[in-house]
Every structure is written in structure tokens, then in C-alpha cells.
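Entries follow in the order I made them.

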Amino acid sequence: MKKEANPNVSYASWAIKFAANLDGVITVLSGMSNTEQMQDNLSYMKDFTKLSEEEKKVLDKAQEELKKIPLIPCTTCNYCAKVCPMNIGISGSFTAMNMLTLYGDMAGAKHQESWLVGGHGKKHAEECIKCGRCEEVCPQHIKIRDELVKVAETLGSN
Ligand code: SF4
Ligand code: SF4
């Protein structure tokens, strides 16, 4: 969709321009891994111009399409991890579930769950005691307990 609208710009440029276009934003932080990415960022941010109405419509359409995918909106901030008394691998579990939702790759999702949870010294979803502390701090207001039940049923390690 974005490539059709403008095949000459990167996917990252859409995201960064979207953030920079918001009212009140004076700085956008971009994680860059190499010189090409830095040059790409500079190419449109050096003399930044606001998004056109056409570009906004493309982004609105992209948002509509993305909302149709039932992903768990976890940002991996790990605030929940700081308060969980059971050391449950919450964000890792959700990353694995999202991988399954996106790609339908059960083996890959199970591997992710195993690595991101057990491989990082965390406990699996089925060990959640449902105390709810995680939900009090989740900025995304995710129903973490319910989602962990689904993870346990779908990717359960047993
Ligand atoms: S509800 Fe489960 S995941 Fe959340 S803090 Fe309690 S034990 Fe941890
Ligand atoms: S607090 Fe919420 S958004 Fe942050 S890692 Fe935990 S579940 Fe994900």
C-alpha cells in the first residue's frame, strides 16, 4: 500500500514522518543500525515537510488494515515484569503469540516462546497465579491474565 503510494521512499520514512507530523512533537528518536538508515532518515528529515493530505489518507488506510490483525498490543516495555511476583515471561509470551497470529508458524512461535521465556530465565504462562498486578501497570491496558491463558493453551510448554 505504502509502496504503491510512493515507491521511492522507505517504510521507515512513513513511520518517522507520521511521528514528526504530530502536533507538539519537536524531536523524533529513530533507532538506526547502519549508515544507509541514517542517510535515509536525513533525506526526508533535513528539510522536513508536513504530510500531505494524500499521505495521511494512505496512513489511515494502513491503520485500518493493521487493526484487522488481532495482535496483542504489547510494546515490550516490560513494566509488568517489574511487578510480577512469579517472574512470568509476559512480553516474550506475547511476542510469540503475535508471531503465530502474523505468520501462522506454530513451530516458530513455540521456539520463540521457549527462547524468550524459558531461555531468559522466565516462567511460562501456565504458572501465572492471576494476581493482576501486571495489569495495573500495563500502559496498553492489556488483559494480561486472559492473554496468558490463551498463550498457555496455544503454546503451552507441557
Ligand atoms: S497476574 Fe500473572 S503475570 Fe500478572 S503479575 Fe500476577 S502472576 Fe504475574
Ligand atoms: S506492561 Fe503491557 S505493554 Fe508493557 S510489556 Fe507488559 S504486557 Fe507488554
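How many residues does the largest nonpolar core have, and which have the most contacts inside it? I found 17 residues, with Ile-88, Ile-90, Met-97 and Leu-148 having the most contacts inside the core. I took a nonpolar core as a set of buried Ala, Val, Leu, Ile, Met, Phe, Trp, Tyr and Cys residues joined through C-beta atoms within 7 Å. Buried means 20 or more other C-beta atoms within 10 Å of the residue's own, exposed means 12 or fewer, and partly exposed lies in between, with C-beta atoms placed from the backbone.

Note on the source: this is a predicted model, where local features need pLDDT of at least 70, side-chain atom pairs count only at pLDDT 80 or more, and totals for chains, interfaces and linings use all residues. Residues are numbered from 1 along each chain as its sequence is written, and chains are lettered from A and ligands numbered from 1 in the order in which they are written.

α6 (90-103) and α9 (144-155) each supply at least two of its residues. α6 gives the most, with 5 residues. Helices here are DSSP runs (H or I, at least four residues), numbered from the N terminus.

I then looked up Met-97. Beyond residues up to four places away in sequence, Met-97 touches Ile-72, Ala-109, Lys-150, Val-151, Thr-154 and Leu-155. Contact means C-beta atoms, placed from the backbone, within 7 Å.

How do α6 and α7 (residues 106-116) run relative to each other? Their axes come within 8 Å and cross at roughly 170°. Axes are lines fitted to C-alpha atoms over the stretch in contact, and angles run from 0 to 180 degrees between N-to-C directions. The two helices are therefore roughly antiparallel, a label for angles over 145 degrees. By class, their contact has 8 nonpolar, 5 polar and 1 charged residues. Ala, Val, Leu, Ile, Met, Phe, Trp, Tyr, Cys and Pro count as nonpolar, Asp, Glu, Lys and Arg as charged, and the others, Gly among them, as polar.

Last, I checked Tyr-79. I placed Tyr-79 in helix α5 (residues 79-83). Leaving aside neighbours within four places in sequence, Tyr-79 is in contact with Val-137, Cys-138 and Pro-139. Tyr-79 and Lys-110 are 31 residues apart in sequence and 24 Å apart in space, C-alpha to C-alpha.

Methods:
Two residues are in contact if their C-beta atoms, placed from the backbone, lie within 7 Å. Angles under 35 degrees count as roughly parallel, over 145 as roughly antiparallel, 65 to 115 as roughly perpendicular and the rest as oblique.
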